[in-house]
Amino acid sequence: MSSPHSKSAAVAAALSALDEGRTPERPVFREAVRSLLAVLAERAPGRSVEVRVPPYGAIQCVPGPRHTRGNPPNVVEMAPNTWLELATGRVDWASAVTDGRVQMSGNRADLSAYLPL
């Protein structure tokens, strides 16, 4: 986690709450998710994959053909706690996919080359 976004107070607070078995407060969770999504967008610029972390955010990233209409062909979706764990290296991509914590479709949807942040 070398980006200033990934070292934000919101990320630290959200991870601390998760470590204690609590759900982070909604504004903190939202800020943590969005700041880490921003880091991913910076590190993997592009518009070929849509990463969704409902209800807090979604971005387009990864170089390749740009999607412009309808449902995108390359989609990655996960819960906020899974996103924080993946982005910070607490869980690896393969384990999260195997455990069903990440839903993905499309041939460009593998984010393992970009995670952890």
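Helices (H or I, at least four residues) and strands (E, at least two) are DSSP runs, numbered from the N terminus. The model on display is predicted: local features need pLDDT of at least 70 and side-chain atom pairs count only at pLDDT 80 or more, while totals for chains, interfaces and linings use all residues. Residues are numbered from 1 along each chain as its sequence is written, and side-chain values use heavy atoms, with hydrogens and water left out.

**Stop 1: the segment after β4**

Begin by selecting Pro116, which lies in the segment after β4. The peptide bond that leads from Leu115 to Pro116 is cis, with omega near 0°.

**Stop 2: Leu86**

Next select Leu86, a residue of helix α3. Its relative accessibility is 1%, so Leu86 counts as buried (under 20% relative accessible area; exposed is over 50% and partly exposed in between, with a 1.4 Å probe and protein chains only). Which residues does Leu86 touch, not counting residues up to four places away in sequence? They are Met78, Val91, Asp92, Trp93, Ala96, Val102, Leu115 and Pro116, where contact means heavy atoms within 4.5 Å. The C-alpha atom of Leu86 is also separated by 9.3 Å from that of Ser112, 26 residues apart along the chain.

**Stop 3: the whole of helix α3**

The buried ones are Pro80, Thr82, Trp83, Leu84, Glu85, Leu86 and Ala87. They pack against α1 (9-19), α2, β1, β3 (75-78), α4 (93-98) and β4 (102-105). Just after α3, Gly89 takes a positive phi of about 80°.

**Stop 4**

Two packed helices are described by the angle between their axes and the distance between the axes.

**Stop 5: the aromatic pair**

The structure holds one aromatic pair. The ring centres of Phe29 and Tyr56 are 5.6 Å apart and their planes stand at 45°, so the pair is tilted. By definition, rings of Phe, Tyr and Trp (its six-membered ring) pair if their centres lie within 6.5 Å; planes under 30 degrees apart count as stacked, over 60 as edge-to-face and the rest as tilted. Phe29 lies in α2 (residues 26-43) and Tyr56 in the loop between β1 (49-53) and β2 (57-61), so the pair ties together parts that are 27 residues apart in sequence. Are these two residues buried or exposed? Both Phe29 and Tyr56 are buried.

**Stop 6: two loops**

Pro55 is found in the loop between β1 and β2, and the peptide bond from Pro54 to Pro55 is cis, with omega near 5°.

Finally, select Val62 in the loop between β2 and β3. Its phi is near 70°, a positive value in a residue other than glycine. Val62 is buried, with a relative accessible area of 5%. Most residues other than glycine have a negative phi, and most peptide bonds are trans.
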